[in-house]
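Subject: Structure for you to look through

Dear colleague,

I am passing on the structure we spoke about, and below it you will find my notes on what turned up. Please keep the structure open while you read, and look up each part as it is mentioned.

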Amino acid sequence: MTAKPTGMWDFLPEIDALWSRLPALESRAESHYRRRKLIDALMYFAEPDPDWGKLGSCRNASPCNSAICPVCVRRMRSSLILSGLACIDPLMKELQWEAAEFSVFLPDAHYRVGRLDRIDVSSIKAQLECLLELAGVPLGLVGANIMLFDKRSSRKQGVWKVQVSGVLVGVSASHIESKFQALFAPRTWTAGPLRSLDLAEALGRLIKPGLTRFVTCINREGHRRVRERQLQAAQIPEMALCLGRYELSVRYSLTGCRWHNGRLELMPGVQDQLQNLAPTQIR
Ligand SMILES: [Zn+2]
């Protein structure tokens, strides 16, 4: 389990119990190593850019808050998981509101390698908010990841795709399924019920710690296999040029709650909204 930093999370009185539920996060040393690799790849493969400088000067006392900085992403992930647990777990356990987990590849967000500059990252956040509003979700935490899909045996260039993952409270998985069936193509999304026991892991899946690519290959038996890997050095600058211009907050969206004094709190009216749902949705 990740070592708990002293003093950093003292604003959460239940921190010891929460920390014991934290899924395996990458270590701080790993995140620093990834940042070094990121900077090296940019220096080697990209034109000099003032935005890269802030990555090198990112420190605990003055974080760069770049949406691509592995050290800041790690800090945000642990914050999102711990604060999400503190906010949502009591609702699921004591009040027994239903929860669901989903993931979907956004249908209009496909970009050939070399064309990721066409993406409007901030519009993804707006799409997420719109999606949850459309589905009538009272409380939700959603994260976005840009990933590269590569074919090892093909000369065709890879494709960047945007995957959105979320934890939703106060709605059933079947409700989300029916909405998604109408909105998205089959096999581009998944949705399922979420148990309190699995909440920490689900929150950990909202934002990926690294820069991911999926490689499709055919094994000796002729079966198609997809393996998850990290971006190669030459692939990093295109992603960094895209995400590195934004702050961390572009990677997630909150519905029905907000950050306040370092923790998540429900927006006014959400408790009542959930209360009205509870009688029909108690498991
Ligand atoms: Zn940083």
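Two residues are said to be in contact if their C-beta atoms, placed from the backbone, lie within 7 Å. With that in mind, among contacts in the protein chain between residues at least 6 apart in sequence, 75% join residues at least 24 apart. Please remember throughout that this is a predicted model.

As for the chain as a whole, its secondary structure comes to nine helices and nine strands, and buried residues make up 35% of its 283 residues. The mean pLDDT of the chain is 85, with 89% of its residues reaching 70 or more. Over residues 279-283, however, the pLDDT is below 50, and beyond near neighbours in sequence this stretch has six contacts in the model. Where pLDDT is low, the predicted coordinates should not be read in detail.

Let me turn to the helices, and to H2 in particular. Helix H2 (residues 28-45) packs with helix H4 (residues 70-93) at an angle of about 145 degrees, and their axes are 7 Å apart. On the H2 side, Arg28, Ser31, His32, Arg34, Arg35 and Leu38 take part in this contact, and they meet Pro70, Val71 and Arg74 in H4. Sorted by class, the contact of H2 with H4 has three nonpolar, two polar and four charged residues.

H2 also packs with helix H8 (residues 236-243), here at an angle of about 105 degrees and with the axes 9 Å apart. Angles of 65 to 115 degrees count as roughly perpendicular, and H2 and H8 are therefore roughly perpendicular to each other. In this contact Leu38, Ala41, Leu42 and Phe45 of H2 meet Ile236, Pro237 and Ala240 of H8, and the residues divide into seven nonpolar, no polar and no charged.

The strands can be followed from S2 (residues 139-151), which is joined to S7 by four bridges, the two running antiparallel. Within this pair, Val142 stands opposite Ser253 in S7. Along strand S7 (residues 252-255), Tyr252 and Leu254 point one way while Ser253 and Thr255 point the other way, and all are buried. S2 is also joined by four bridges to strand S5 (residues 212-218), and these two run parallel, with Phe149 standing opposite Phe214 in S5. S5 in turn is joined to S6 by seven bridges, and these strands run antiparallel, with Thr212 opposite Gln230 in S6. The hairpin of S5 and S6 has five residues between the strands, and in it Gly222 takes a positive phi near 85 degrees.

Leaving aside its neighbours within four places in sequence, Leu231 is in contact with Leu148, Leu211, Arg213, Ile236 and Met239. Of these, Arg213 is 18 residues from Leu231 in sequence, yet the two are 5.5 Å apart in space, C-alpha to C-alpha.

Notes. Residues numbered from 1 in each chain as written. Predicted model: local features only at pLDDT ≥ 70, side-chain atom pairs only at ≥ 80, totals over all residues. Axes fitted to C-alpha atoms, helices over the stretch in contact; angles between N-to-C directions. Nonpolar A, V, L, I, M, F, W, Y, C, P; charged D, E, K, R; others polar. Parallel < 35°, antiparallel > 145°, perpendicular 65-115°, else oblique. Buried ≥ 20, exposed ≤ 12 C-beta atoms within 10 Å, placed from the backbone. pLDDT = per-residue confidence, 0-100. Pairing = 2+ DSSP bridges.
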